[in-house]
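The sequence and structure come first, then the notes.

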Amino acid sequence: MLEMIIIFAICAALVVWKMRPVPGVQTITTDELQMMLRDQDKIFIDVRSAGDFNKMHVAPFLNDPHGKGIAALPKDKEIVVMCRSGLRSLETCKKLKKLGYDRVTNVKGGITSYQQRGEL
């Protein structure tokens, strides 16, 4: 029993640590995302698998599974990144920052949160 509690605590701490704010990465809610979807000065990237993206996605997001093509994105536009829950997209945002992108935004809660809004 004690081992299970310790394992659960470690897993919970890991999730909290992974979701901590990242300097230079803006985090937005799906409500905020809804207001910016028509902004031509932003690039919207969905880093879920192609299969998941094809089942459902938010327009105008483009699919880049696991963020493999992020280094080719233009640096003069804001990059908005989404995944299923917000964790994988946050990791992609961290990579973008390391590559020298200044305007990087993560969608908190990802497509799951957007779906709960009833928009899809």
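Helices (H or I, at least four residues) and strands (E, at least two) are DSSP runs, numbered from the N terminus.

## Basis

This is a predicted model, in which local features need pLDDT of at least 70, side-chain atom pairs count only at pLDDT 80 or more, and totals for chains, interfaces and linings use all residues. Residues are numbered from 1 along each chain as its sequence is written, and side-chain values use heavy atoms, with hydrogens and water left out.

## Helix H1

Isoleucine 6 lies in helix H1 (residues 2-18). Its relative accessible area is 44%, so isoleucine 6 is partly exposed (buried means under 20%, exposed over 50%, partly exposed in between; 1.4 Å probe, protein chains only).

## Helix H4

Helix H4 covers residues 87-98; its 12 residues should span 16 Å at 1.5 Å a residue, and the 17 Å between its end C-alpha atoms agrees. The expected span is 1.5 Å times one less than the number of residues. Just after H4, glycine 100 has a positive phi of about 95°.

Buried residues in H4 include Ser89, Leu90 and Cys93. Threonine 92, also in H4, is buried because its relative accessible area is 2%. Threonine 92 touches Val47, Gly67, Ile70 and Val81, leaving aside residues up to four places away in sequence (contact means heavy atoms within 4.5 Å).

## Strand E5

Strand E5 (residues 104-107) has Val104 and Asn106 pointing one way and Thr105 and Val107 the other, and all are buried.

E5 runs parallel to strand E1 (residues 25-28), joined by four bridges; two strands pair if DSSP finds at least two bridges between them. Glutamine 26 has threonine 105 in E5 as its bridge partner. Strand E4 (residues 78-82) also pairs with E5 in the parallel sense, over three bridges, and isoleucine 79 stands opposite valine 104.
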